[in-house]
Amino acid sequence: MGRATGRHDTMSRRYFGTDGIRGTVGEFPITPDFMLKLGWAAGRVFARHGRGKVLIGKDTRISGYMFESALESGLSAAGVDVSLLGPMPTPGIAYLTRTFRADAGIVISASHNAYPDNGIKFFSAAGTKLDDALEAEIEAELDRDIVIVGPDSLGKASRIQDAAGRYIEFCKSTLPGRLGLHGMKVVLDCAHGATYHIAPNVFRELGAKVSVIGGEPDGLNINQGVGSTHPQALRAAVIEQGADLGVAFDGDGDRLILVDADGRVIDGDDILYMIARDRHERGVLGGGVVGTLMSNFGLAAALEGLGIPFERAKVGDRYVIERLEANGWQLGGESSGHIVCSHIQSTGDGIVSALQVLAIMAREECSLSELLVGFEKAPQALINVRLAPGCDNKALMAADAVQAAVVEVEQTLGNEGRVLLRPSGTEPLIRVMVEGRPHFDVDALAGQIAATVESSMSA
């Protein structure tokens, strides 16, 4: 059902994780003094490799103002010019970094996390995640004392006033051919996040009748009971309004989930299947599909049944993108809703991915649920076990009791299911996933392992 592949990092990082630097505001390193130093260190590196121009965008959490100013100061001290984008979806920052020919783009966001968290992600000049070598250079500069360039060499700062309009036009241009969304009634859930002023305009200008929830950010309500990780509000709105479908983004707009007219949640595996089947039937898929270790094996079976190659990468969109590049393929993603259409965008893009699905609906003149007829996923249970302060996730997962619990469930499933135990790359969690054929109680089996993980923390 596809093999697991992905990059294996050997370098030791103190700050950079799989998705930049993230944590709780006010706790090191998510502090203004560190961000000033990070801006300076990154500026030194970018100035060595380019012309010394960086874009900064952010989501809607209140701490973004503080970190934007700190990064701007550090970059200026390193002699780098800064262009400020304001609130902007992460994929929009990637796109604008490319179109403005900047050396890098900086995203201030903690994605789907609540407002007390924040983080920093970097994009290269090509709109892709920074490679290991550049991250290592930045970390090396962080060990040095700040040396400010001469007064005549300080970086300048400016604001790009039409950033939102540029990205809106780009998103609209990705709807294939002369297709429009006229006649479609769509509910958008913007998670009180970075898509709040972008997505409604995109869908309305393409002809859809749009209503919005989660579109009134106040700096503190990002992802609060709304967005792709909380689909209940969108389900209720779609059913109440009799909409054709709903689209929910996360706080920074790089992932999505859909809801059909009956309130059924359509996740990233469903979205990958719909786009892959459509592109395969039209002869434009361009190879196979990359999923992750979390991708449902029903997806793997369905794609392989269509003759579409399927591979699994480690969890994280950067690993998906690496495998796409290595294979020369164009489509990949995660069940969480990060979908990468690399023939269109350099990173996961919630708005663009939604438009690809709506284009299929328009082309085939069918409903969202009709696009999934015949596609069956295996029941899957996912439990997040929160780690106690100071708990070593690797030691916990290697504990004898935990390993014995995993083996016991694997023996129960046999060849009709699988177990995945892994640490979150962005939160202090151990994720327990159990997947199996319908006759298994995967919820109970996952709970069995999760209970062992929790009890082992206090052992």
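These legends describe close-up views of a predicted model.

**View 1. Strand β3 pairs with β5 in the parallel sense.** β3 spans residues 53-58 and β5 spans residues 104-108. Five bridges link the two strands. Lys58 has Ile108 of β5 as its bridge partner.

**View 2. Strand β3 also pairs with β4, again in the parallel sense.** Here the count is six bridges. Lys53 is bridged to Asp81 in β4. How many of the six residues of β3 are buried? Five are, so β3 is largely enclosed by the rest of the structure. Buried here means under 20% relative accessible area.

**View 3. A nonpolar patch sits on the surface.** Four residues make it up: Leu36, Ile146, Ile148 and Leu154. Together they have about 320 Å² of accessible area. Ile146 belongs to the loop between α4 (132-142) and β7 (157-159). Its relative accessibility is 33%, so Ile146 counts as partly exposed. That class lies between the limits of 20% for buried and 50% for exposed.

**View 4. A three-stranded open sheet shows antiparallel pairing.** The strand order is β17-β19-β18. Strands β17 (380-386) and β18 (417-423) are the edges, and each pairs on one side only. Direction ignored, neighbouring strands in this sheet are turned by 10° against each other on average.

**View 5. Strands β17 and β19 pair in the antiparallel sense.** β19 comprises residues 429-436. Seven bridges join β17 and β19. Which residue of β19 stands opposite Ala381? The residue is Val434.

**View 6. Helix α14 lies across β17, β18 and β19.** Residues 442-457 form the helix. Relative to β17, α14 runs at about 15°.

Key. Residues are numbered from 1 along each chain as its sequence is written. This is a predicted model: local features need pLDDT of at least 70, side-chain atom pairs count only at pLDDT 80 or more; totals for chains, interfaces and linings use all residues. Side-chain values use heavy atoms; hydrogens and water are left out. Patches are made of residues with over 30% relative accessible area and no salt bridge: like charges are joined within 9 Å, nonpolar side chains (Val, Leu, Ile, Met, Phe, Trp, Tyr) within 5 Å. Accessible areas come from the Shrake-Rupley method with a 1.4 Å probe; for residues, only the protein chains shown count as cover. A salt bridge is a side-chain nitrogen of Lys or Arg within 4 Å of a carboxyl oxygen of Asp or Glu. Helices (H or I, at least four residues) and strands (E, at least two) are DSSP runs, numbered from the N terminus. Buried means under 20% relative accessible area, exposed over 50%, partly exposed in between (1.4 Å probe, protein chains only). Two strands pair if DSSP finds at least two bridges between them. Axes are lines fitted to C-alpha atoms, for helices over the stretch in contact, and angles run from 0 to 180 degrees between N-to-C directions. Contact means heavy atoms within 4.5 Å.
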